[in-house]
Amino acid sequence: MVEPEGHMHIGHVAERTGLSLRTIRYYEEVGLVPASARSQGGFRLYTGTDVARLMVIRRMKPLGFTLEQMRELLEITDLLEGRAGAPPLTEAERQSCRQRLETFERAARERCDALRLQLRWAEEFAADLNRRGRHAVSDPAGPQPGR
């Protein structure tokens with residue numbers, strides 16, 4: 001359900017992100033994506049920005065990034081994008097943030113390459129099993145001695 005002010009209930013956010021309610025609540029608990037507001041009934045309400053943050057986390061998770069690394073990346077992007085509450089950056093701070101962001105990008109690319117290699121091996125294994133299955137002896141009793 002979408003609230004009139006553009007806020008979404010957690011169930012709608014779960015549908016949009018593919019994350020479970022429990023996972024979203026956990027990310028709120030650890031401070032990665034706090035709910036932007038609460039309804040009069042006390043229900044968590046989220047914005048499009050919150051959904052975007054959850055999508056960053058969802059994309060980092062299969063690459064093996066830790067919660068602390070996720071937090072760091074979100075802080076970097078908040079600073080670079082000048083999100084509410086983020087202090088203005090000096091040019092040196094902006095450059096430092098960009099360098100840290102580039103480090104994350106390199107790590108993500110390396111991890112994607114490793115996953116592609118694992119996937120290739122898994123596909124080769126599945127194909128090998130398929131070949132073995134097609135070439136298996138069709139006699140359910142198996143090979144008979146002396147034949």
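Buried means under 20% relative accessible area, exposed over 50%, and partly exposed in between (1.4 Å probe, protein chains only).

This is a predicted model, in which local features need pLDDT of at least 70, side-chain atom pairs count only at pLDDT 80 or more, and totals for chains, interfaces and linings use all residues. Residues are numbered from 1 along each chain as its sequence is written, and side-chain values use heavy atoms, with hydrogens and water left out.

**Aromatic pairs**

The whole structure contains two aromatic pairs. Rings of Phe, Tyr and Trp (its six-membered ring) pair if their centres lie within 6.5 Å; planes under 30 degrees apart count as stacked, over 60 as edge-to-face and the rest as tilted.

| Pair | Centre to centre | Angle between planes | Class |
|---|---|---|---|
| Tyr26 and Tyr27 | 5.9 Å | 50 degrees | tilted |
| Phe65 and Phe104 | 5.9 Å | 45 degrees | tilted |

The Phe65 and Phe104 pair links distant parts of the chain, 39 residues apart. Phe65 lies in the loop between helix H3 (48-60) and helix H4 (67-81), Phe104 in helix H5 (residues 91-135). Helices (H or I, at least four residues) are DSSP runs, numbered from the N terminus. Both Phe65 and Phe104 are buried. Tyr27 is also buried, at 4% relative accessibility.

The charged end of Arg111 sits over its ring, 4.0 Å from the centre. That term requires NZ of Lys or CZ of Arg within 6 Å of the ring centre and within 35 degrees of the ring normal.

**Cysteines**

There are zero disulfides, a disulfide being a pair of cysteine sulfur atoms within 2.5 Å. Cys97 is buried at 3%. Cys112 is partly exposed at 26%.

Key
Helices (H or I, at least four residues) and strands (E, at least two) are DSSP runs, numbered from the N terminus.
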